Amino acid sequence: MEKNVKMPKLRPDMQEGVLCAWLKEEGDEVKAGEPLFEIETDKVVNQIESTESGILKKQVFEEGDTVQVETPVAILETK
């Protein structure tokens, strides 16, 4: 089953974040709790962990892209 991984809202006033780095590549196995990507907000970089285990099927955005909160950034194929 496919699951969308969304840009998280880390603060109440957060509207968007910059996807700084992918820590997994398409086709990589991802375990729940593992860091999946990094985002930058107000010059603070946060690692975002996967909430599910599976295979990273698609990276929707590239490093350096600005992404609105709650927008899917990746697709995870779960079991």
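Start by selecting Glu 70: at a relative accessible area of 47% it is partly exposed (that is, between the under 20% of buried and the over 50% of exposed, with a 1.4 Å probe and protein chains only). Before moving on, note that this is a predicted model, where local features need pLDDT of at least 70, side-chain atom pairs count only at pLDDT 80 or more, and totals for chains, interfaces and linings use all residues. Numbering runs from 1 along each chain as its sequence is written, and side-chain values use heavy atoms, with hydrogens and water left out.

Still on Glu 70, check the backbone: phi is positive, about 70°, although this residue is not a glycine. Glu 70 sits in the loop between strand 7 (66-68) and strand 8 (72-77); strands are DSSP runs of E, at least two residues, numbered from the N terminus.

Next, colour the open sheet of four strands, ordered 1-8-6-3 with antiparallel pairing (a pair needs at least two DSSP bridges between the strands). Zoom in on strand 3, which two bridges join to strand 6 (residues 54-59), running antiparallel. Here Glu 29 faces Ile 55 of strand 6.

Last stop: show Trp 22 and Phe 37. Ring centres within 6.5 Å make a pair for Phe, Tyr and Trp (its six-membered ring), with planes under 30 degrees apart stacked, over 60 edge-to-face and the rest tilted. That rule gives one aromatic pair: Trp 22 with Phe 37, tilted, 5.5 Å centre to centre and 55° between the planes. Trp 22 belongs to strand 2 (residues 16-22) and Phe 37 to strand 4 (residues 35-41), so the pair ties together parts 15 residues apart in sequence. Trp 22 is buried at 8% relative accessibility, and Phe 37 is buried at 0%.
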